[in-house]
Amino acid sequence: MVSRPDACVRQSRRTARASFCTTAPLRPLRPPGNSATGRTIFNAINAIVGVGALALPFGLRCSGWPGLVLVPLLGCVCMYTAYLLGRILEVSPLVRSYADIAMMVFGRTGNTVVSTFFFMELVLGLTGFLILGGDNLQAMSGLPRHVCYCMTAVLVFPLCLITEFKQIA
């Protein structure tokens, strides 16, 4: 069987002849750096709903009946917060982040507090994922736990250095 990088090769089991089908090189459908708004919204909603759908049954199981009351209540709080954020963005279009909103409302101290909380969220979230990945790798491979944590960190660390998602797209 002949292999060519620009063609796909199929060979029938009944006959010895190979059929080649040439494929055109892949081109992006849009110029790089642009994405459709609808696709972006769909991906964001898909990620948020997917995580929520996976976590909700366990959360309700752990919290019981009070959790059944708290979920809609917290949903209303989130909706009102989104409404307030929309109003702030309408009033001041120069605001680009939560840190900017905190700077506008609480001054430099608010900016520092919000930025610190976001930094801690990222570091602690990554730590949690490293622990989950290490535990799962240890359960699958039987290697010592500290070795699995180090292997997971080595696999994940290069992803932390990526500054633009188009590098991995």
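**Burial and a salt bridge in a predicted model**

Student: Why is Asn111 called buried?

Tutor: Asn111 has 16% relative accessibility, and buried means under 20% relative accessible area, exposed over 50%, partly exposed in between (1.4 Å probe, protein chains only). Asn111 therefore counts as buried. This is a predicted model, where local features need pLDDT of at least 70 and side-chain atom pairs count only at pLDDT 80 or more, while totals for chains, interfaces and linings use all residues. Residues are numbered from 1 along each chain as its sequence is written, and side-chain values use heavy atoms, with hydrogens and water left out.

Student: What does Asn111 touch, not counting residues up to four places away in sequence?

Tutor: Ala99, Ala102 and Met103 are touched by Asn111, a contact being heavy atoms within 4.5 Å. Asn111 itself is found in helix H4, residues 108-141; helices (H or I, at least four residues) and strands (E, at least two) are DSSP runs, numbered from the N terminus.

Student: What makes Asp135 and Arg145 a salt bridge?

Tutor: The rule asks for a side-chain nitrogen of Lys or Arg within 4 Å of a carboxyl oxygen of Asp or Glu. For Asp135 and Arg145 the N to O value is 3.4 Å, and the pair meets in a salt bridge. Asp135 lies in helix H4 and Arg145 in helix H5 (residues 145-160), so the pair ties together parts that are 10 residues apart in sequence.

Student: Why is Arg145 called partly exposed?

Tutor: Its relative accessible area is 45%, so Arg145 is partly exposed. Asp135, at 26%, is also partly exposed.

Student: How many of the 169 residues in the protein chain are buried, as a percentage?

Tutor: Buried residues make up 7%.
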